[in-house]
Amino acid sequence: MDTLFTHVHDATRRTLEANGYAVREVSGQVCCGALHEHAGDRAAASALAAENVRAFGDGADFIVVNSAGCGALLKDYGHLLGSDAAAAFGAKVRDVAELLAAAGPRRGGALELEVAYDAPCHLQHAQRVQDAPLAVLGAVPGLRLRLLPGSDRCCGSAGVYAVLRPDMARAVLNAKLESFAAAEPMPQVVATGNPGCLMQIGAGLAAAALPIGVAHPVELLDESYRRAGMYG
């Protein structure tokens, strides 16, 4: 997220602050360890998790994350490390959509867009967060939101799976691309809250020459707030 999606971090901060949250950075935090855990390197994942637990301490009410894969492991730190401190850390973790939905969220300016929401597996199945992203997108006037057939199924990214099994990952993705192409009207944007999904779906859309963009839900809410003049 830091390398490729800093704009999502910026949108996350702005939308949270617009909804009454005080956001601060925590120095000393490191990679969550999810990709290490996915690859079977539990020792490395545990070392990173322990470093994060130390860095965050007890100073925040919530620990917000905008990557579904990261959030799933962060919430599971108690199981990974087996300590009370790690369990307390995990209990504070929230996906950004959860915090925004809990605050309302505030409605912004109109975006006249056809949007298909695609649920990241690590958000819908691992974290059981299903309604909050829809509430975030529902706060954007003019946005026409749909759940297309297969929106609850994997896009083929699956952590490191798309790298290790690219042919199978592409076969999984193709079914989703067919759903987008067959939709009437065709969506202008696919919204999903995980970097792996954003890259996998975005690359598939480009390869299929489908005129559809991809965005994190907070990017759309952020643009709605900008159009409403909510950032001064």
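## Elements lining the largest pocket

Six elements each supply at least two residues of the lining of the largest pocket: helix H1 (6-18), helix H2 (34-38), helix H3 (42-56), strand S1 (63-65), helix H4 (68-75) and helix H12 (195-207). H1 gives the most, with 5 residues. Helices (H or I, at least four residues) and strands (E, at least two) are DSSP runs, numbered from the N terminus.

This is a predicted model: local features need pLDDT of at least 70, side-chain atom pairs count only at pLDDT 80 or more, and totals for chains, interfaces and linings use all residues. Residues are numbered from 1 along each chain as its sequence is written, and side-chain values use heavy atoms, without hydrogens and water.

The largest pocket has a volume of about 1500 Å³. Its lining has 48 residues; closest to the centre are His9, Gln29, Val64, Val65 and Asn66. A pocket is an open set of points on a 1 Å grid over the protein atoms alone, where a 1.4 Å probe fits, with protein on both sides within 12 Å along at least five of seven lines; lining residues have an atom within 4 Å of a point. Grid points are joined across faces, edges and corners, and the volume is the space filled by probe spheres set on the points.

By class, the lining has 26 nonpolar, 16 polar and 6 charged residues. Ala, Val, Leu, Ile, Met, Phe, Trp, Tyr, Cys and Pro count as nonpolar, Asp, Glu, Lys and Arg as charged, and the others, Gly among them, as polar.
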